[in-house]
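Here is a short report for a reader meeting this protein chain for the first time. Keep the sequence and the 3D view open while reading.

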Amino acid sequence: EKVVMEEPVLLPDKAIWHPVAPEIVFETNQKYFDWYNTQHCPDAGIDPATAPTVGIILQKSHINTKDDTHYVSLIAEIESRGARVVPIYSGGLDFSGPLDDYFYDASGKSIVDTVINLTGFALVGGPASQDHKKAAQCLKKLDVPYMCAVPLVFQSFEEWQSSELGLHPIQV
C-alpha cells in the first residue's frame, strides 16, 4: 500500500493563532478580528462590543508540534467566561515584535485589557539571557496587567502536587 505524503504546512515566524479558526494563523489583527468578531464570538456567546480582551503569548514550537492542549484549554476557559482572546506566537524568544504588531489597533491604541504569557520565558529573551530594559519599555507602553504563567510541561499535575521541590528546576 502506498503512503501519500502531504506537503508540510509552513507557519510564519509570528502570527495570531486560534485553535478553532478556519485558517491556521492570521498575519494581521484586522484579518483575525474580521473572523473572530463576526463568526467565532456569536457562536461562543461572546459580545465583542463589551467583552474584555485577553492577549495570550504562545510559543510557535507548541503549535507546530500540536503540543497545544494547555493553550487550547486556557483559550476555551477564558472564552467560556465571556472574554475575547488574541493568542499570538513567535518563533524566537523576543515576543516584543508580535506584541507590538498584534496588541494595538491601527491608531496605536492597545486592544488588550490584560496579557498572559504562557511561554514559560521572559517577554524578551530565553533562559540564558533576557533584555529586561526592552521588556519593561514594551510593557510600560502597553500599560495593562501582565501575568507570566508557568505551564507544567516537564511534569504532570500529580507529580507537581506530590513533589517536595515544587516546580521542576528547568521551569524556574
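## Model and confidence

This is a predicted model, in which local features need pLDDT of at least 70 and side-chain atom pairs count only at pLDDT 80 or more, while totals for chains, interfaces and linings use all residues. Residues are numbered from 1 along each chain as its sequence is written, and side-chain values use heavy atoms, with hydrogens and water left out.

The pLDDT is the predictor's confidence in each residue, on a scale from 0 to 100. The protein chain averages 89. At least 70 is reached by 92% of the residues. Helices and strands here are DSSP runs, numbered from the N terminus (helices: H or I, at least four residues; strands: E, at least two). Among these elements, strand β4 (residues 84-90) has the highest mean pLDDT, 97. Helix α6 (residues 157-162) has the lowest, 79. Where pLDDT is low, the predicted coordinates should not be read in detail.

## The nonpolar core

A nonpolar core is a set of buried Ala, Val, Leu, Ile, Met, Phe, Trp, Tyr and Cys residues joined through side-chain atoms within 4.5 Å. Buried means under 20% relative accessible area, exposed means over 50%, and partly exposed lies in between (1.4 Å probe, protein chains only). The largest nonpolar core has 43 residues. Tyr 32 and Phe 103 have the most contacts inside it. Helix α1 (residues 29-44) gives this core its largest share, five residues.

Tyr 32 is buried, at a relative accessible area of 0%. What does it touch, leaving out residues up to four places away in sequence? Its contacts (heavy atoms within 4.5 Å) are Ile 16, His 18, Phe 26, Val 85, Val 86 and Pro 87.

## Aromatic pairs

Rings of Phe, Tyr and Trp (its six-membered ring) pair if their centres lie within 6.5 Å. Planes under 30 degrees apart count as stacked, over 60 as edge-to-face, and the rest as tilted. By this rule there are eight aromatic pairs. In one of them, the rings of Tyr 32 and Trp 35 have centres 6.0 Å apart and planes at 55°, so the pair is tilted. Both residues lie in helix α1, three residues apart, about one turn of the helix.

The rings of Tyr 32 and Tyr 36 make a stacked pair, because their centres are 5.0 Å apart and their planes at 20°. These two also lie in helix α1, four residues apart, about one turn of the helix. Tyr 36 counts as buried at 0% relative accessibility. Ring pairs link Phe 26, Tyr 32, Phe 33, Trp 35 and Tyr 36 into a cluster.

## Arg 84 in strand β4

Arg 84 lies in strand β4. Is its side chain buried or exposed? Arg 84 is buried, with a relative accessible area of 10%. Its contacts beyond four places in sequence include Phe 33, Tyr 36, Cys 41, Pro 48, Val 54 and Ile 111.

Its side chain also makes polar contacts. A polar contact is a pair of N or O atoms within 3.5 Å; within protein, one must be able to donate a hydrogen and the other to accept it, and residues adjacent in sequence count only if both atoms are side-chain atoms. The side chain of Asn 37 is one partner of Arg 84, at 2.9 Å. The side chain of Thr 53 is another, at 2.8 Å.

## Thr 119 in a loop

Thr 119 sits in the loop between β5 (114-117) and α5 (132-142). Thr 119 is buried, with a relative accessible area of 5%. Its side chain joins that of Asn 117 in a polar contact of 2.6 Å. A polar atom of the Thr 119 side chain also lies 3.0 Å from the backbone nitrogen of Phe 121. Beyond its neighbours within four places in sequence, Thr 119 is in contact with Ile 57, Leu 58, Gln 59 and Phe 95.

## Two loop residues with positive phi

Lys 66 is not a glycine, yet has a positive phi of about 60°. Lys 66 is found in the loop between α2 (60-64) and α3 (69-80), and counts as exposed at 65% relative accessibility.

Asp 143, not a glycine either, has a positive phi of about 60°. Asp 143 lies in the loop between α5 and β6 (146-148). Asp 143 is exposed, with a relative accessible area of 65%.
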